[in-house]
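Subject: Structure for your review

Dear colleague,

Please find below the structure that I am handing over to you.

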Amino acid sequence: IRLFIDTANVDEIKSANELGVISGVTTNPSLIAREGRDFVEVVREITAIVDGPVSAEAVSTEAGPMIAEAEELAAIHPNIVVKIPMNAEGLKAVNVLAQKGIKTNVTLIFSANQALLAALAGATYASPFVGRLDDIGHDGLELIKEIAKIYELHGLKTQIISASIRHPLHVTQSALAGAHIATVPYKVLQQMLKHPLTDLGIEQFLADWARVPKK
Ligand code: E4P
C-alpha cells in the first residue's frame with residue numbers, strides 16, 4: 001500500500017511530505033474551493049512539493065471539453081493525473097486520454113461494476129469512496145475487497161485508490177482489503193501516527209533518563 005494525501009492545502013501537503021510517507025496528492029473541486037485560491041496556481045505549487053502523482057479534477061460535463069481540460073491540466077506537470085467522474089462521458093474521455101498517454105483517476109466510484117468499467121476504459125487509477133458509502137449505511141470496505149478481487153482475477157492494471165477515508169481504521173482495512181493506495185486527509189494522517197502508549201512511553205523514558213547520573 002502507498003499513501004496519498006487528500007487535500008489542496010499546501011501547508012498540510014508540505015508538512016505531510018516532510019514525514020516521508022506520502023507519495024502523491026489527490027484534490028477535488030470541493031477541496032480546491034476550500035482554499036479560495038486559483039486552481040492552476042495551487043496545482044502547480046503542489047507538484048513542486050510532492051514528487052509523485054497529483055490528481056486534479058476536470059469539471060466539464062461532456063467528453064470533448066473534458067479531454068481538452070485534461071490536456072491543459074496534464075501540460076502543467078508530468079506528474080498530473082486527471083480526475084474524471086464516473087459516468088458515460090467520463091468513460092469516453094478516459095479511453096481517449098489513455099490513448100494519448102494522459103493518466104486518469106476515475107472518481108466517485110460506488111460499485112464494483114463502475115470500477116470494472118473504469119479499468120476497461122483504461123483508467124490509471126480508480127477511486128472508490130469508502131466513507132460516503134459508510135455514511136449511507138453501506139459497507140465501503142466490502143467494495144474495496146470486491147474491486148481488488150476482480151482486478152486481480154482478471155489481470156486489470158488499474159490501481160485502486162481507497163478514497164473518502166474518514167478515520168485510521170479505514171486505512172488499515174483498505175490495506176488489508178488490497179487497495180494499492182489510500183488517500184488520507186491530513187487529520188487522519190496525524191491520527192495514524194499517534195498512540196497514547198507511545199506518548200506515555202516517551203514521557204516515562206525521558207523522566208527516567210533525567211534520573212541517570214551524568215558526569
Ligand atoms: C479523493 O479522491 C476524494 O475526492 C475524496 O477522498 C472525497 O472525500 P469526502 O467523501 O470526504 O469528500
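A residue is called buried if 20 or more other C-beta atoms lie within 10 Å of its own, exposed if 12 or fewer, and partly exposed in between, with C-beta atoms placed from the backbone. Helices (H or I, at least four residues) and strands (E, at least two) are DSSP runs, numbered from the N terminus. In helix α9 (residues 168–177), the buried residues are His170, Val171, Gln173, Ser174 and Ala177. An α-helix has 3.6 residues a turn, so residues three or four places apart point the same way. Gly178, which follows α9, has a positive phi near 100°.

**Basis of the model**

Please note that this is a predicted model, in which local features need pLDDT of at least 70 and side-chain atom pairs count only at pLDDT 80 or more, while totals for chains, interfaces and linings use all residues. Residues are numbered from 1 along each chain as its sequence is written.

**Overall architecture**

The protein chain has eleven helices and eight strands. Its C-alpha trace spans about 75 × 40 × 30 Å along the principal axes. Of the 215 residues in the protein chain, 40% are buried. Among contacts between residues at least 6 apart in sequence, 55% join residues at least 24 apart.

A closed barrel of eight strands runs in the order β1-β2-β3-β4-β5-β6-β7-β8, with parallel pairing. Neighbouring strands of this sheet are turned by 30° against each other on average, direction ignored; the axes are lines fitted to C-alpha atoms, for helices over the stretch in contact, and angles run from 0 to 180 degrees between N-to-C directions. Two strands are taken to pair if DSSP finds at least two bridges between them.

Several of these pairings can be given in detail:

- β1 and β2 run parallel and are joined by four bridges; Ile5 has Val25 in β2 as its bridge partner.
- Strand β2 (residues 22–26) and strand β3 (residues 54–57) are parallel and joined by two bridges; Thr26 is partnered by Ser55 in β3.
- Strand β6 (residues 125–128) pairs with β7 in the parallel sense over two bridges; Tyr125 stands opposite Gln159 in β7.
- β7 and β8 also run parallel, with two bridges between them; Ile161 has Ile181 in β8 as its bridge partner.

Strand β2 is mostly covered, with four of its five residues buried.

**The ligand shell**

Which residues surround the ligand? They are Asp6, Thr26, Asn28, Thr107, Ser127, Phe129, Gly131, Arg132, Ala163, Ser164 and Thr183, where a residue counts as near a molecule or strand if its C-beta atom, placed from the backbone, lies within 6 Å of it. This shell divides into two nonpolar, seven polar and two charged residues. In this classification Ala, Val, Leu, Ile, Met, Phe, Trp, Tyr, Cys and Pro count as nonpolar, Asp, Glu, Lys and Arg as charged, and the others, Gly among them, as polar.

Asp6 lies in strand β1 (residues 2–6). Asp6 counts as buried because it has 25 C-beta neighbours inside 10 Å. Leaving aside neighbours within four places in sequence, Asp6 is in contact with Thr26, Ala163, Ile165, Thr183, Val184 and Pro185. The C-alpha atoms of Asp6 and Ala163 are separated by 8.2 Å, and the two residues are 157 residues apart along the chain.

Ser164 is placed in the loop between β7 and α9. Its phi is near 55°, a positive value in a residue other than glycine. Ser164 counts as buried, with 22 C-beta neighbours inside 10 Å.

**The annotated position Lys83**

The UniProt annotation "active site", from an unreviewed entry, covers Lys83. UniProt positions are given in the numbering used here, feature names are shortened, and annotations may be inferred rather than shown by experiment. Lys83 is found in strand β4 (residues 80–85). Is Lys83 buried or exposed? Lys83 is buried, because 24 other C-beta atoms lie within 10 Å. Not counting residues up to four places away in sequence, Lys83 touches Asn28, Ser55, Ala56, Glu57, Ala58, Asn105 and Thr107.

Yours sincerely

Conventions. Two residues are in contact if their C-beta atoms, placed from the backbone, lie within 7 Å.
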